[in-house]
Amino acid sequence: MDFKEAIKKRHVVRRYRDEELDLETVSALKRRIEEDNEKYQVHVKLETGDSSALNFAGKLISKNAVNYFIMSGKESADLNERLGYVGADLMLYAQTLGLNTWWIGGTFSKKAVERKVPNQKVIGIIVVGYGATAGQQHRQKDVEAVSSYEGETPDWFVAGVNAALLAPTAFGKQNFSISGKGRKVALKCDTCGEDLGLVKYHFELGAGKENFEWEKSLLN
């Protein structure tokens, strides 16, 4: 499975099989984390076999959610965007390894998680493991509802928007808009934060980085 296939197969999964991640998979995930941490200057960490990360509400709606990425880094204006971008990469990479994921921004025990990454700002966790199911595709807005292009719309732009609509966003609201003119693309997001990074990553994957330039990006 490549990343373009993974983008279509990745769905939120909250219930997992009681099955440990094998050493080879853990090693592969940690290598990917090291690469992303260095490239995007964040502090993501993988925890395995730990049931303390979720709060009471999180535990009620999940099962065997004991492996997770801690999404953290040194506080800065663009930290959430960078962590969203890295989170998208890690979720899709995990999918290519036959794993499932769940981004959690609220129903986790912040104090318990923060103790594992001292002096870092934690914005959420991403549960990872062998899903009891593959999950279900979330509702999507129409391409026309979230995008516009000046002139004849190129195929790469449509492909990018379709990929962006597959990104996990806060409460599934997809409160973003993408506009294009020539090779220039602009992304606006009502809630912004990590959603901005998540949507950017997905758009780039669908459109192909070689086909366009962001009007303004903190990542490129």
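This is a predicted model: local features need pLDDT of at least 70, side-chain atom pairs count only at pLDDT 80 or more; totals for chains, interfaces and linings use all residues.
**Entry 1**

I found an open sheet of 4 strands in the order 1-2-4-3, with antiparallel pairing. Strand 1 (45-47) and strand 3 take the edge positions, and each has a single partner strand, so one side of each lacks a neighbour in the sheet. From one strand to the next, the twist averages 25°.

Strand 1 and strand 2 run antiparallel and are joined by 3 bridges. Here I noted Lys45 opposite Ile70 in strand 2. Helix 2 packs on the sheet, where it touches strand 1 and strand 2. The direction of helix 2 makes about 160° with that of strand 1. Ile104 is the residue I found opposite Ile125 in strand 4.

Is strand 3 buried or exposed? I checked its residues, 100-104, and 5 of the 5 are buried, so the rest of the structure largely encloses this strand. I then went through the two faces. Asn100, Trp102 and Ile104 lie on one side, Thr101 and Trp103 lie on the other, and all are buried, which leaves both faces covered. I wrote the two findings next to each other: strand 3 has a single partner strand in the sheet, and both of its faces are covered.

**Entry 1: the cores**

Which residues have the most contacts inside the largest nonpolar core? I listed Leu29, Val44, Phe69 and Met71, in a core of 35 residues. The elements that give two or more residues to this core are helix 1 (3-9), helix 2 (23-40), strand 2 (68-73), helix 4 (79-96), strand 4 (121-129) and helix 8 (194-207). Helix 4 supplies the largest share, 10 residues.

**Entry 2: helix 2 against helix 4**

How do the axes of helix 2 and helix 4 cross, and within what distance do they come? They come within 11 Å and cross at roughly 155°. With angles over 145 degrees counted as roughly antiparallel, that makes helix 2 roughly antiparallel to helix 4. I noted the crossing as right-handed.

From helix 2, the contact is made by Ala28, Leu29, Arg32, Ile33, Asp36 and Tyr40. From helix 4, I have Arg82, Tyr85, Val86, Asp89, Leu90, Tyr93 and Ala94.

**Entry 3: two residues with positive phi**

My last stop was the loop between helix 7 (155-164) and strand 6 (176-181), where I found Phe171. Gln174 sits in the loop between helix 7 and strand 6 as well. Phe171 is not a glycine, yet its phi is positive, about 55°. Gln174, not a glycine either, has a positive phi of about 50°.

Phe171 is exposed, with a relative accessible area of 80%, whereas Gln174 counts as buried at 2% relative accessibility.

Terms used. Residues are numbered from 1 along each chain as its sequence is written. Side-chain values use heavy atoms; hydrogens and water are left out. A nonpolar core is a set of buried Ala, Val, Leu, Ile, Met, Phe, Trp, Tyr and Cys residues joined through side-chain atoms within 4.5 Å. Buried means under 20% relative accessible area, exposed over 50%, partly exposed in between (1.4 Å probe, protein chains only). Two strands pair if DSSP finds at least two bridges between them. Axes are lines fitted to C-alpha atoms, for helices over the stretch in contact, and angles run from 0 to 180 degrees between N-to-C directions. Angles under 35 degrees count as roughly parallel, over 145 as roughly antiparallel, 65 to 115 as roughly perpendicular and the rest as oblique. A crossing is left-handed if the near helix is turned anticlockwise from the far one by less than a right angle, and right-handed if clockwise. Contact means heavy atoms within 4.5 Å.
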